[in-house]
Amino acid sequence: LTFSLLSVTLLVSFGSSMLYGYNLAVVNSPAVHIKAFYNATWSQRYGHGLAPGPLTLLYSLTVSIFALGGLVGSLLVGVLVEQYGRNGALSRSALLVLLAGGFMGFSRELGSPEMVIIGRSITGLHSGRLCTAPSSWLSPLQSIPSIFICLGVFSAQVLSLPELLGKDRFWPLLLSVVVVPACLQLLLLHCFPESPRYLLIERNDICGAIKALHRFLGTPDVQDVIEEMKEEQRSLSSMEMVSVWQLLRDHSVRWQTLSVVVVNAGMQLSGIDAIWFYTNTIFENAGIPASQIPYTTVGTGAIEVVAGLIGCFTIEKVGRRPLIIIGFCAMGICSAGITVSLLLQAALPWMRYIGVTCVIGIIAGFCMGPAGVPFLMTAELFTQSHRPAAYIVGGSLNWLCNFTIGFIFPFLQV
C-alpha cells in the first residue's frame, strides 16, 4: 500500500469511524450528571423536578436520537458524494460535527437540555454520512474503519475516567470533544486528491483521475485502472439501477437480501449497542462496586480494540461466514451467561464476575466477527445495479434497530 492511500484511509477513519464509536460510548459514563442537569433545568422552568419515568424517557431519547440522525444521514450520503465528491462530502460532515459540538458544549451554560438532544442528532447525521465503502482492489483497507470504531469507543471510556473528564462539571466538554478529530480532518483533507472514481465517472475528468491515481497508487502506470473505471462508467450509463421496492420483490436475489436483513438487524439486536450506551448501568446492576465501574469499563474497551485487530487480520484468512457464525454464537452463549449470573448473584456474590466476563465475551465476539462483516457482505453479494438499494435496506435496518435498542433498554432494565 502506498503512503497516500493508507494516509487518506486513516484520516477518513479517524474523522468519521472513530467519531461514530466515540458517540456510541460517550453518553455512558456521564448519564448520572446529564440526568441531574435535566432534572435541575426542569425544576427551574416549571417549579418541580421530573418523575423517574419521564426522566428515563428524556434520557433514552438523548441516547437514541443519535441513531435517527444516522438513518437520515445514510439516506443522504449517495446524493452528497455524487454532488460534492468524497472530500466535499467529508468536509461538510466535519462542519456538522463542529455545529453539534457547539450545541452540546454550551448546553449547560445556557440551561438547555434541547441543545444536548439536537447535538446528538447532528452527530448521528454525520455518522450516517460516512463514506467508507472502498473499491474491491482496496481489500486490505476494508477493516480499518471497524478498528477505528473500537478505538473511538475506547477513547470515550478513557476520557470518562474520574481523573480526566468524568466529573460533573466536565460532561459538556466530554460530549464536545468530537470537534477535535473533525477539525483535524478539515485541516488535512485539502492535502489529499479527490477520489479517482468520482473524478472520472461522475465528473468525466480523466486528467484529474490519472493524477489522483498516480498519488494513491504510487506508480506511473495506471492505464489498466483507468480502463477499468471507464468500463464501469460505460456499464453504469447503460444500467438501470434497482429501487428498494424492486430489490425486495426480486426473487433472483431473495437469499442475498434476506442475508443482509438478518445480519444487519442481528448486529444491533444482539445488544452490543446497549452495552456501549449503558455499560456502567449494566455493571452496577451486576453488583460491581461503583468505584471500580469506570476502570472495568475501560478494561472492556481495551479488550474490544484487541478483538477488533484480531478480526481485521483474520477476516481474509478465515472467511466471512465462520466469523459471523462464531461471533454470534459466542454472543448468544455470553448473553445466557449474564442471565444466569444475574439470577444467582444474590446467593453467590462471586457470580457478578461471571457477568462481567460475559459482557467482555459479548464485546469480543462482536468485534471479531459481526462488527465489520455486514458492510463487506452487502458489497460482495450484489451486482452494481442492486448494490445501492441493498445498502439502503441494510443501513436503514442497522440504524432503526440501533435506535430501538438505545430507546427501550432502560425501560427493559426497570
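Residues are numbered from 1 along each chain as its sequence is written. In this predicted model, local features need pLDDT of at least 70, side-chain atom pairs count only at pLDDT 80 or more, and totals for chains, interfaces and linings use all residues, while side-chain values use heavy atoms, without hydrogens and water.

**Exercise 1.** Determine which residues of helix H2 (residues 31-46) are buried and how they are arranged about the axis.

*Solution.* Helices are DSSP runs of H or I with at least four residues, numbered from the N terminus. H2 has 16 residues and reaches 22 Å from its first C-alpha to its last. Buried means under 20% relative accessible area, exposed over 50%, and partly exposed in between (1.4 Å probe, protein chains only). Ala31, Ile34, Phe37, Tyr38 and Thr41 of H2 are buried. These residues fall within an arc of 125 degrees seen down the axis, so they line one face of H2. The face turned away from that buried side carries the exposed residues Val32 and Gln44.

**Exercise 2.** Classify the aromatic pair of Trp276 and Phe366 and locate its partners.

*Solution.* Rings of Phe, Tyr and Trp (its six-membered ring) pair if their centres lie within 6.5 Å; planes under 30 degrees apart count as stacked, over 60 as edge-to-face and the rest as tilted. Trp276 and Phe366 lie 5.6 Å centre to centre with 85 degrees between the planes, an edge-to-face pair. Trp276 belongs to helix H13 (residues 272-285) and Phe366 to helix H16 (residues 351-368), 90 residues apart. Trp276 counts as buried at 4% relative accessibility, and Phe366 counts as buried at 5%.

Technical notes
Helix = DSSP H or I, 4+ residues; strand = E, 2+ residues; numbered from the N terminus. Expected span 1.5 Å × (residues − 1). Arc of directions from axis to C-beta.
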